Amino acid sequence: MKELALKYGCNPNQKPSRVYMNDGRELPIEVLNGRPGYINLLDALNSWQLVRELRQATGLPAAASFKHVSPAGAAVGLPLSETLKRIYFVDDIEGLDASPVACAYARARGADRMSSYGDFIALSDTCDKTTAIIIKREVSDGVIAPAYTDEALEILREKRKGTYNVIRIDPDYRPQPVETKQVFGVTFEQGRNEIRLDDPALFENIPTQNKTFTAEARRDLIIALITLKYTQSNSVCYVKDGQAIGIGAGQQSRIHCTRLAGQKADTWWLRQHPKVMALPFKPGIRRADRDNTIDVYLSEEEHDDVLRPGQWEQFFTSQPEPLTLAEKHEWIARNTRVALGSDAFFPFGDNIERAHKSGVEFIAQAGGSVRDDHVIMTCDKYGIAMTFTGVRLFHH
């Protein structure tokens, strides 16, 4: 198939809409179920590139959860602790430990569940039954993968009353080296961003006093950089134990990226606090409602208070204890070994100050700011190891 007609473009008034191949080749995708839309396919093709590169760089199955052309989460298929299984709501999934691709998606979806609501999923490897079971019970628009087992396909075809979008992509497909796009009738052309982000040379220019990057830190920084390569700029990504735990995308100011991603990383960590894990939810509360309620419980906005009389009774069997600001700060201070990637240089040391608050010990950034000296000095103050990659990763 060389062309696929779509219902409409980004919005219902934008018609006609289609995807096709300018070079006359067949489309590299096959729709196995559903009717994907314009934004669905933007998410699908961007997220597929991300997981394909993660697989290539780490040798591990990878997954991504995309929303509005940026990842809400990305991860490789490492085993999950019992705590992560519980906060990701997959502790009842049989066979999870035996499926690295299912572990990868559970991590990608679980890191920022609020943002992943209604996501488009990318899997680097064959979608198996275990992964399909996780996907089926979450609110999602579709999935792209190189293959599906018969059992997985049967499960996914039942989702959303048979309308769930299931796309198979040719894993051997390679695009032309020059890409084009149109804006306001003007055609733009550029070479594709084919830079390899698992190159050891990215860790050769280390200006900080601490020059030690563990193998796990290098892996996590590579995951951060590859994730940023497909995140709308400006962007910053916090990674721990093989998964993104906070992504700040599309902010005009670098410090706002760092703060946004840091807040998400803090929320991910706070979800593991004993008080949060012990919240007495009423039986039958949906996962999405639990996510929303936990987010409000952790919020510092006065009007966001699920513990007030007349509020908590909707969600809980008994009134929970509040998680105080002091308790939050004490718990966040326990988070360590976090890696941080930036898609361009940090202009000031304030970014490092904010990153340090969320447990960042390793940083990869382009370097080249007129205030690099201040950034290095701030890293040295906290013993952070930082590499200047010399690589900018803007994505628009």
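Trainee: Where is Val69 placed?
Mentor: Val69 is in the loop between strand 4 (62-67) and strand 5 (70-76). Helices (H or I, at least four residues) and strands (E, at least two) are DSSP runs, numbered from the N terminus. This is a predicted model, where local features need pLDDT of at least 70, side-chain atom pairs count only at pLDDT 80 or more, and totals for chains, interfaces and linings use all residues. Residues are numbered from 1 along each chain as its sequence is written, and side-chain values use heavy atoms, with hydrogens and water left out.

Trainee: What is phi of Val69 near?
Mentor: Phi is near 65° for Val69, a positive value in a residue other than glycine.

Trainee: And is Val69 buried or exposed?
Mentor: Val69 is buried, because its relative accessible area is 18%. Buried means under 20% relative accessible area, exposed over 50%, and partly exposed in between (1.4 Å probe, protein chains only).

Trainee: What about Lys161, buried or exposed?
Mentor: Lys161 is exposed, with a relative accessible area of 83%. Its phi is also a positive value in a residue other than glycine, near 55°. You'll find Lys161 in the loop between helix 6 and strand 8 (165-169).

Trainee: Switching topic: which residues does the cis peptide bond with omega of about -5° join?
Mentor: That bond joins Lys15 and Pro16. Pro16 lies in the loop between strand 1 (3-5) and strand 2 (18-20). The peptide bond from Ser233 to Asn234 is cis too, with omega near -10°, and Asn234 is in the loop between helix 7 (215-229) and strand 11 (235-240).

Trainee: Now the aromatics. How many aromatic pairs does a search of the whole structure find?
Mentor: Six aromatic pairs turn up. In one of them, the ring centres of Phe281 and Phe316 are 5.1 Å apart with the planes at 50°, so the pair is tilted. Rings of Phe, Tyr and Trp (its six-membered ring) pair if their centres lie within 6.5 Å; planes under 30 degrees apart count as stacked, over 60 as edge-to-face and the rest as tilted.

Trainee: Are Phe281 and Phe316 buried or exposed?
Mentor: Both Phe281 and Phe316 are buried.

Trainee: Which residues form one aromatic cluster?
Mentor: Phe203, Phe213 and Phe362 do. Arg218 lies over the face of Phe203, at 4.7 Å from the ring centre. Elsewhere, the charged end of Arg18 sits over the ring of Tyr20, 3.9 Å from its centre. A charge sits over a ring if NZ of Lys or CZ of Arg is within 6 Å of the ring centre and within 35 degrees of the ring normal.

Trainee: One more: where does Ala244 lie?
Mentor: Ala244 is in strand 12 (residues 243-249), and it is buried, with a relative accessible area of 1%.

Trainee: What does Ala244 touch, not counting residues up to four places away in sequence?
Mentor: On that count, Ala244 touches Ala74, Ala111, Cys237, Tyr238 and Val239. Contact means heavy atoms within 4.5 Å.

Trainee: And Gln56, what is that in contact with beyond its neighbours within four places in sequence?
Mentor: Gln56 is in contact with Arg196 and Asp198. Gln56 lies in helix 1 (residues 38-58) and counts as partly exposed, at 46% relative accessibility.
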